[in-house]
Amino acid sequence: MSKFLSLEDVLGADAGDLQKLKQDAISCEKLKADIPVTALENKEYKTIKKDCMQFVPDGTGGMKPDIDDDKLMIRVIIAAADKDTRSDFSFANKQLLDKLAVTTADQAVEKLLSPGEIFNAAMVVQDISGFGKKAKKAVEAEVKNS
């Protein structure tokens, strides 16, 4: 039997604990190190998702939204790594971009992480950001069907 949350439970809790975000790390074989990441908040995730969306014809003369899942995975990795304060690592660092001979953080992720690492890293970020198993399965199915 589970206990239901009461308003008193929330009001009696430490405000810092209520706002604390989960942290984890993603593996990067090429660097032989882990990259720390911090969970994304709703507003951040919505902004990233909106940036990865375009409208395409729906076949009836109208338009429908279409999300670029590969771009979404890369962008959540970048945001979660940039947000983490345990390291100064950033995929958008100018010196890193120059070293990798790329111009964007998206390209840096693609250079440093294998496709499988990108997928696994995005799953780590989604997990610490509160997405459950249903969301993971939906993304896995989408990737398989791509």
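Visitor: In this predicted model, at what N to O distance do the side chains of Lys32 and Glu29 meet in a salt bridge?

Guide: Side chains of opposite charge can pair when their charged atoms come close. A salt bridge requires a side-chain nitrogen of Lys or Arg within 4 Å of a carboxyl oxygen of Asp or Glu. The side chains of Lys32 and Glu29 meet that requirement, with an N to O distance of 3.7 Å.

Visitor: Is Lys32 buried or exposed?

Guide: A residue counts as exposed when its relative accessible area is over 50%. The relative accessible area of Lys32 is 68%, so this residue is exposed.

Visitor: Which helices hold Glu44 and Lys83, whose side chains meet in a salt bridge?

Guide: The side chains of Glu44 and Lys83 form a salt bridge with an N to O distance of 2.6 Å. This pair links distant parts of the chain, the two residues being 39 residues apart. Glu44 belongs to helix α3 (residues 42–51), and Lys83 belongs to helix α4.

Visitor: What is the relative accessibility of Lys83, and how does Glu44 count?

Guide: Partly exposed residues fall between the buried limit of under 20% and the exposed limit of over 50%. With a relative accessible area of 29%, Glu44 is partly exposed. Lys83 also counts as partly exposed, and its relative accessibility is 22%.

Visitor: Which residues are linked with Glu44 in a network of salt bridges?

Guide: The search of the whole structure finds seven salt bridges. Among them is the pairing of Glu44 with Lys83. The network that includes Glu44 also contains Glu41 and Lys83.

Visitor: How many residues apart are Asp98 and Lys94 in helix α5?

Guide: The side chains of Asp98 and Lys94 meet in a salt bridge at 2.9 Å, N to O. Asp98 is partly exposed, with a relative accessible area of 45%, whereas Lys94 counts as exposed at 57% relative accessibility. Both residues lie in helix α5, separated by about one turn of the helix, that is, four residues.

Visitor: Is Asp84 buried or exposed?

Guide: Asp84 is located in the loop between α4 (69–83) and α5 (94–100). The limit for a buried residue is under 20% relative accessible area. Because its relative accessibility is 3%, Asp84 counts as buried.

Visitor: Which residue has a backbone nitrogen that the side chain of Asp84 reaches at 3.3 Å?

Guide: Leaving aside residues up to four places away in sequence, Asp84 touches Gln23, Asp24, Pro36, Val37 and Thr38. A polar contact needs a pair of N or O atoms within 3.5 Å. At 3.3 Å, the side chain of Asp84 reaches the backbone nitrogen of Val37.

Technical notes
Residues are numbered from 1 along each chain as its sequence is written. This is a predicted model: local features need pLDDT of at least 70, side-chain atom pairs count only at pLDDT 80 or more; totals for chains, interfaces and linings use all residues. Side-chain values use heavy atoms; hydrogens and water are left out. Buried means under 20% relative accessible area, exposed over 50%, partly exposed in between (1.4 Å probe, protein chains only). A polar contact is a pair of N or O atoms within 3.5 Å; within protein, one must be able to donate a hydrogen and the other to accept it, and residues adjacent in sequence count only if both atoms are side-chain atoms. Contact means heavy atoms within 4.5 Å.
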